Amino acid sequence: MARRGGKGRKTGLLLGAIADDLTGATDLCNTLVAGGMRTVQVIGVPPADTAVPDADAVVVALKSRTVPPARAVRESRAALAWLRQGGARQIFFKYCSTFDSTARGNIGPVADALLDDLGGDLAIACPAFPTNGRTVYKGHLFVGDVLLENSGMRDHPLTPMRNSDLVAVLGAQTPHPVGLIGHETVRQGARAIGRALDALREGGVRHAVVDAVADRDLAAIGKAAARLPLVTGGSGVALGLPANFRESDLLGEAGQAAALPPASGLAAVIAGSCSPATLGQIEHMGASCPSFFVDADALAGHRRVAADALAWAVPRLGDGPVLIYASAAPARVRRIQKRLGAEKAGAMIERCLARIARGLVDAGVGRLVVAGGETAGAVVGALGLRALRIGAEIDPGVPWTMSVGRPRLHLALKSGNFGGPDFFTRAFAVLP
Ligand code: ADP
């Protein structure tokens with residue numbers, strides 16, 4: 001087998017991952033890049049004859065968290081087939097660190113289908129990410145200091161989580177036995193976890209929920225999972241995986257994984273997130289850069305807002321970054337939602353911002369920051385981007401990325417509450 005002699009010599013794909021949403025996929029990519037793996041994020045399942053990009057890890061971003069289980073299974077299996085065709089040595093199924101799922105799935109059904117296709121008999125399930133306040137103890141998931149069922153996730157509009165007992169939650173989503181590896185075992189390290197996995201396997205258990213209350217637990221779990229065909233969890237448990245590949249001499253030392261080709265082209269920010277962090281970032285950038293407000297009321301009145309925004313932006317682009325935002329404070333958001341309904345208002349604004357993004361790229365923008373998870377999805381779709389190579393972090397959880405193929409573009413996709421107040425302006429300053 002070819003060894004990776006330090007400087008990015010190609011040994012083929014090591015880790016193939018399937019993520020159940022776009023920003024979750026980016027989060028995982030970020031963790032893998034930090035661990036020294038050159039990582040590409042692919043948006044949606046590519047056509048079967050598409051070559052798997054040259055990378056140590058490829059993460060396929062689906063939108064399968066809340067779709068009917070049969071569809072989530074179908075798309076996840078297609079992603080798996082593509083990743084295996086690219087030579088992936090291990091598969092990671094990434095879901096949210098708050099185990100976001102509906103009563104029917106989709107974590108259990110997808111994990112079962114992936115295990116079937118891989119011919120595996122046991123997978124671990126570990127959403128813990130202690131640094132981000134997600135811990136699992138005695139199989140119960142905590143968000144900060146409270147149980148999952150007492151956290152904000154209790155009232156999530158799509159995936160309300162009202163039971164913190166992951167063995168029970170996952171048990172309700174699969175016909176197979178679910179077991180637990182408790183912290184008394186995990187804290188003894190990788191060998192003890194490995195023995196516990198063997199014992200569960202012999203007992204017919206197919207999914208092992210694993211406790212983790214500190215990042216060193218994740219490292220031990222990652223090590224113990226080296227030979228499992230399938231690992232499932234949040235991005236935290238992926239922290240431990242790059243070391244396994246390095247141990248097998250398949251991966252060079254960490255260092256160059258975040259390197260992207262130099263950026264070129266004009267600069268712009270598009271914001272559709274109405275989170276407090278984004279509103280602060282807009283105010284900060286607005287103080288030193290030209291900004292244009294996409295007025296949802298005007299848009300609802302069928303004014304040609306996208307064309308107006310582009311006519312405003314294009315002559316200014318040569319002078320430095322411009323900001324185009326629809327984001328508004330809660331009272332203003334409520335007003336338009338009352339008029340159109342929340343979903344319709346959101347979709348209308350996303351469409352408009354996506355059209356503006358297209359126009360900006362056509363006008364020569366090559367460095368683009370987008371704020372908002374749904375907004376980012378709409379922009380990426382409108383630009384026809386299929387894959388992104390992941391670069392260095394701007395702020396925790398938000399890396400610069402670069403499109404693979406056309407259009408050639410550096411892109412930062414920031415989900416709502418991420419980033420410091422100067423995120424928008426600093427993003428361009430840190431880009432080589
Ligand atoms: P976040 O990551 O903060 O959740 P998203 O982009 O996922 O951001 O969601 C924000 C939603 O709010 C999008 O659907 C966007 O179109 C919508 N939106 C943006 N500005 C407004 C506004 N002024 N009024 C109503 N909805 C808005």
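This report describes the ligand site, the salt bridges and the aromatic pairs of a predicted model.

## Basis of the model

Residues are numbered from 1 along each chain as its sequence is written. In this predicted model, local features need pLDDT of at least 70, side-chain atom pairs count only at pLDDT 80 or more, and totals for chains, interfaces and linings use all residues, while side-chain values use heavy atoms, with hydrogens and water left out.

## Ligand site

The ligand has 17 residues around it, of which Ser-273, Glu-350, Glu-374, Thr-375 and Gly-416 come nearest; a residue is near a molecule if one of its heavy atoms lies within 4 Å of it. The shell is made up of six nonpolar, nine polar and two charged residues. In this division, Ala, Val, Leu, Ile, Met, Phe, Trp, Tyr, Cys and Pro count as nonpolar, Asp, Glu, Lys and Arg as charged, and the others, Gly among them, as polar. At least two residues of the shell are supplied by each of α12 (330–340), α13 (342–362) and α14 (373–382); helices (H or I, at least four residues) and strands (E, at least two) are DSSP runs, numbered from the N terminus.

A polar backbone atom of Ala-326 is 2.9 Å from a nitrogen atom of the ligand. On its own the ligand has 570 Å² of accessible area (Shrake-Rupley method, 1.4 Å probe), and the protein covers 81% of this.

## Salt bridges

Side chains of opposite charge can pair when their charged atoms come close. The structure holds 19 salt bridges, each a side-chain nitrogen of Lys or Arg within 4 Å of a carboxyl oxygen of Asp or Glu. In one of them, Asp-20 pairs with Arg-65, with the closest N and O atoms 2.8 Å apart. Asp-20 is in the loop between β1 (15–19) and α1 (22–34), and Arg-65 is in the loop between β3 (57–61) and α2 (69–85), 45 residues apart. Asp-20 counts as buried at 4% relative accessibility, as does Arg-65 at 14%; buried means under 20% relative accessible area, exposed over 50%, and partly exposed in between (1.4 Å probe, protein chains only).

Arg-206 takes part in a salt bridge with Asp-112 at 3.0 Å, N to O. Asp-112 lies in helix α3 (residues 107–118) and Arg-206 in the loop between α6 (190–202) and β10 (207–210), so this pair ties together parts that are 94 residues apart in sequence. Arg-206 also meets Asp-116 in a salt bridge, at 2.7 Å, N to O. Asp-116 lies in helix α3, so this pair ties together parts that are 90 residues apart in sequence. Arg-206 is buried, with a relative accessible area of 10%, whereas Asp-116 is exposed at 51%. Shared partners join Asp-20, Asp-21, Arg-65 and Asp-100 into one salt-bridge network.

## Aromatic pairs

There are six aromatic pairs, counted where rings of Phe, Tyr and Trp (its six-membered ring) have centres within 6.5 Å; planes under 30 degrees apart count as stacked, over 60 as edge-to-face and the rest as tilted. Phe-93 and Tyr-95 form an edge-to-face pair, 5.4 Å centre to centre with 75 degrees between the planes. Phe-93 is buried at 2% relative accessible area and Tyr-95 is buried at 0%. Ring pairs link Phe-93, Tyr-95 and Phe-99 into a cluster.

Technical notes: A polar contact is a pair of N or O atoms within 3.5 Å; within protein, one must be able to donate a hydrogen and the other to accept it, and residues adjacent in sequence count only if both atoms are side-chain atoms.
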